[in-house]
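Dear colleague,

My notes on what was found in it follow directly after.

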Amino acid sequence: MSEKDTVFSSSVKYNGVFSFKDFYAFCYEWLTEETGIGVSEGKYEEKIKGDSKDILVEWSGSKTVSDYFKFSIDVTFSISGLRNVEITQSGKKIQTNQGGIKVSTKGTLIRDYQGKFETSAFNKFLRSIYEKWVITSRIGQFEDKLACSCNSFLEQVKAYLDLEGKK
């Protein structure tokens, strides 16, 4: 069994005007292009409540970074009270959305993802020595890199929503 360590877990909340369609596309493109992680949508749930709707979207993705390490990122979008609104921007009327959104991100570093050290008790012992004495600094580097990628994603989400809300 591979060892999984959650190295990053955080969320961002926003309430205001934004285009959900454009936001969704922005997040997908940023994650796939900037981090190189292949993202798949595991869940899309939509509940209609009168003139508004609540949406729950769950993404997961992973990227192999070496023979021993793998990055895994889980992103959850929780949108509440999403309504279609019309705003005036630069003298033009534009159809967009308004509501609350929470974006949660969790980054997990997976060690020995192929389970090569799981074949016997002796190999498990060797893995503990390998991790404790041989690759200690490399584990720290990969944890920092994954945490930085997750944090950068949330910073981009904040910046995007901040700009969208001020249009």
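Five strands form an open sheet in the order β1-β5-β4-β3-β2, with antiparallel pairing. β1 (3–18) and β2 (38–49) are the edge strands, each pairing on one side only. On average, neighbouring strands of this sheet are turned by 15 degrees against each other, direction ignored. Please note that the model is predicted.

The pairing of β2 with β3 is antiparallel and comprises eleven bridges. Within β3, S62 is the residue that stands opposite G38.

Helix α1 (residues 20–35) lies across β1, β2, β3, β4 (69–89) and β5 (92–111). The helix runs at about 10 degrees to β3.

As to confidence, the protein chain has a mean pLDDT of 92, and 97% of its residues reach 70 or more. Among its elements, strand β3 (residues 52–64) has the highest mean pLDDT, 96, while helix α2 (residues 121–134) has the lowest, 90.

Finally, the cysteines. The structure contains zero disulfides. For C27, the nearest cysteine sulfur is that of C150, 13 Å away, whereas a disulfide would require the two sulfur atoms to be within 2.5 Å. C27 counts as buried because its relative accessibility is 0%. C148 is likewise in no disulfide; the nearest cysteine sulfur, again that of C150, is 9.4 Å away. With a relative accessible area of 47%, C148 is partly exposed, since the term exposed applies only over 50%.

Yours sincerely

How values were computed
Residues numbered from 1 in each chain as written. Predicted model: local features only at pLDDT ≥ 70, side-chain atom pairs only at ≥ 80, totals over all residues. Heavy atoms only, no water. Buried < 20%, exposed > 50% of the residue type's maximum accessible area, 1.4 Å probe, protein only. pLDDT = per-residue confidence, 0-100. Helix = DSSP H or I, 4+ residues; strand = E, 2+ residues; numbered from the N terminus. Pairing = 2+ DSSP bridges. Axes fitted to C-alpha atoms, helices over the stretch in contact; angles between N-to-C directions. Contact = heavy atoms within 4.5 Å.
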